[in-house]
Amino acid sequence: MHRHTQTVFGRRWFLRGALGATVGLPFLESLAPRSARAQALTPPKRFLCFFNCNGVNMKRFFPSSFGALTPESFVGTALEPLSAFAPRSLIPRGIHAVPRGYNLDGGAGDDHAKGMGHKLTAQFLADTPDEYALGISVDQAIANAVNPQGRQALTLRVGRKKDGVLGHISYTGPQEPVTGENNPWLAYQDFMGLGTEAGESVIPDAEALRRRSVLDLVNREFDDLRSADLSRSDQQKIEAHFDSIRDVEVSLAASVGCNLGAATEADLLAFETVNVDSDSEFARLTRLQIDVIALSLACDHTRSATLQIGNGAGGPIFTWDGMHHKYNHHKLSHGTTLDDGGDEVQGYEQMLFDIDTWHMKQFAYLLTRLDAYQEGDGTSVLDNSVIVYANELSDGRAHDFKDLPWIIVGGAGYFKQGEYVQVTEYDPMRGIEAPHNKLLTMFMNAVGIPTTNFGGEKSLAGEFELLKA
Amino acid sequence: MLLIPAAGLLLVLLFGCDSAAPRAANPIEPVEPVEPEPSEPARPDPGTLENGVPYGTRLQRLTHAEYERTVTDLLGVGEGSSGEFLDDPSFSGFDNNADGLRVAGRLGRDYRRAAEALAREVVGSEELLARALPCDDPSVECATEFVTSFGLRAFRRPLREAEIARYVALFAEGPELVQSGAALADGALLVIETMLQSPNFLYRGELSTEEDGEGFIPLNDYEIASRLSYMLTASMPDAELFRAAAAGELTTSEGIRAQAERLAASAAIRPRVLDFHEQWLDLKAYRELSKDAELFPDFSPDLADDYIGEARRFVEHVTLDEGRGLVSLLSAPYGFVNQRTAPFYGLDVNEFGDEFSLVEFADKERAGILTGLGFLSAHAYTTDTSPIHRGVFVLRRILCEAIPDPPGGIDLTLPETTDEIVTTRDQVEVHTAAPVCATCHSLINPIGFAFEGFDAVGAARDSDNGAPLDTAGSVELSTGTLEFSGALDLILQLSESESVRGCYAKQWLRYAYARAEAVSDAQTLAALAEHLADDAYSVRELLVELTRPRAFTHRAPTEQD
């Protein structure tokens, strides 16, 4: 008998959109309600982490004083592109990673490895060459509990594939990293249930029927395996595999109207997958991934997602949006011409500020997309979501795990809005007092999964009361 | 195995931490341990028994490369079919670790897309369809014959009655579900696209269950056939292997040996042998190098193909053409050069063409894989060499020493050159002089310094920043001391080192068995290491040897947890 995830939010939530959406946003037809009951549901809560690497220019990132946030608060900082969302943002200071870096809590991995691997898991890393994290990440834990059909969280990335812990932030379990998808066209095709013919907006019924027949047979083969005396790990393997192909069970009529519109679809189709790893496609790929991830949340294909931009100790050479850099993100985060050494790069701090600003423009774009999707009860998808900006490190040059940059937007009614808060001034070099795992715990609670302590050995129970609505 | 607990503590003190006890105000809440229900008395872990077999997965998913080879052999088409598959995260330096290979997220849909496209391609071609079908009418008899014969090859074993019935029923749905007008093609399309998505195709399942008298489970003929073919050729069994399996020959050690020797003697092992060395020596690190254009005008990042090419050609020549072993891999005094790489070898460009030619190196100049341009350039900076990176590579990959990454918070910038700090060796020595660094750097540095006779692009040199070179050194390993005057001397000693033989054997076992080594592999590894002392012991013999232990022919009982 295979696992079927029973969730509180078992029914799929269907978007009701306004006719004639504004220019540049997807046109959403009003969907015929599947039943009167469906209309009475409240929108589900979603979680999304927008993840950057190599730290930020800490001197020019944050507002100048604590307290209420207004659109003016961000002027002159890297956050300026987020100004319109300032009243809905929450920026905590003083939170540090656990397990801590600088070898304070021991454990495998250098500080880049820890920055990547600990961030969404709050677990130690395996003592192997790959140093993968030893537990599930918060996005996958959320997906397990609330996603339609128990689907895995959507894990997208931009940038070259990097092996090992430096290239992964999401884990379905101990040493089970999820490699981010870097092809927005395939991701879109996937959850839209699109036909294999380019440009088809809905799978023809015949093809859908055929796939169901195929799935039925394959499921019986899985049943043969389920009744064999397999280890727990092999059983889990089968279930994950089956989950990966069960999408055909969903009635595809629901997808009608929930799409990105002809212009963006043409962009996706035209995307050169052969260049998907190259810096020249980095900016365009980021935009398309944002389009896809926002739609997937809005159309309730997934309620949990991450977008990883770049890699730990990596990243592109930025040559767009007014930037003409010669060295890649990691080198600039150290201000040096080499990854571990070399000469100082003149003006590297300004370059980092420009990089941070560019990332904030993308984050703002994501928030704008999410806010444009109306849930039909007067709220937007952004209102019902916890959208989190996170970074591998705070000060990249020192590989710092302390006082990490976090921005929480939307808040889903759980987090305060419009504030820049000093959570603590306690020095994490002396002990664990404001561990980031408490934020992970709060993310779980915010989307409706009661949790007291998310993480591993060095995690602390409880939440940051200062941050709660 | 090195342990540096003292170093960790010292580092904490270095940073001025005033307390090693972190939890002043907030004790961590204890997590309730969950005790499993006790049932039968615990069996000893079979991975700890001499010549035993460790617990492992019974479902080994095909790697993307294996998928491509398999569909090509099965269908006659398939090159590039895995190009858009979701990347696998790699494990333990090799990308085929069975525990790490799963189907999740988008990959299931990637397989579906590929299966549908491949099936369409087959039924769209008269030739390919005729290759797959044993008969040509859409009758139940023909459908049964097709499902039975094609299924045997697709699932790499005979289908059970129930399975045949399922697929024959599916075939019959062809006209209704595919509607092309040709019942035979429709039925074939359905069967092919479904079999390619079946777990019986995508995984090598080891589902035998009968224990022998010693607590292990012998694999059946077909399971062994798949192990042989994937270990040696990265693809499905060939016709001769299927014949041997059907005849019951693969449950005898003579039968296994005969097939192993046949395959090992053939060209079919070339992809595996090259792929192993490519992963072991991390040839992909040769891509995306950048070097200072003024200092190294001959260099360009496009040379990556030549760096990888010369290394692969060398490995191929030594292991397959000449049938030589580890000693030659490390210390054979020749290499492969073309017109683009000639300048770095100090050779006349005009004597070379586009293709690689074998070049004998003058006495003590270069030898083996560690004096190839790729290794020397990839472990160097844009302007200078990096003895630390070269040393760490040799220690980790050639000697299998567990060298940890540098501790956190350390400034990795080397000091500037001055009147006293002249060469790269000087810079590294000054920077790693602190006693806390010595545990690792007393091993890393001497090995790295031995290669200082080669600059950041792998060209030979006899001075560094105007000063003479000092490439002499010594390291203390667990198996003895290596003392050397320079790179060639070090290389010669490595080629004769027990540690190096043991390491090479261990790396091969990990790759061949798609898992980490266990205590139970000790005998196998010791035997291989002993054989490797003889340079005439080729990789072909090594692969055959790996089909002999119980770990190849049996599996452990299912882990109860």
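Does C53(A) count as buried or exposed, and at what relative accessibility? In this predicted model, C53(A) has a relative accessibility of 2% and therefore counts as buried. C53(A) takes part in no disulfide; the nearest cysteine sulfur belongs to C49(A) and lies 10 Å away.

Across all chains, a search of the whole structure identifies two disulfides. In one of them, C135(B) is joined to C142(B), with an S to S distance of 1.9 Å. This link between C135(B) and C142(B) is right-handed, with 100° about the S-S bond. Burial applies to both C135(B) and C142(B).

A disulfide is also formed between C400(B) and C503(B), where the S to S distance is 2.0 Å. Its two cysteines come from distant parts of the chain, 103 residues apart. C400(B) is located in the loop between helix 17 (387–398) and helix 18 (424–431) of chain B, whereas C503(B) belongs to helix 21 (residues 498–513) of chain B. Because the torsion about the S-S bond of C400(B) and C503(B) is about 75°, this disulfide is right-handed. C400(B) is partly exposed, with a relative accessible area of 21%, while C503(B) is buried, with a relative accessible area of 1%. When bonded cysteines are counted along the chain, the disulfides of chain B show the pattern 1-2, 3-4.

Definitions and conventions
Residues numbered from 1 in each chain as written. Chains lettered and ligands numbered in written order. Predicted model: local features only at pLDDT ≥ 70, side-chain atom pairs only at ≥ 80, totals over all residues. Heavy atoms only, no water. Disulfide = S-S within 2.5 Å. Buried < 20%, exposed > 50% of the residue type's maximum accessible area, 1.4 Å probe, protein only. Helix = DSSP H or I, 4+ residues; strand = E, 2+ residues; numbered from the N terminus.
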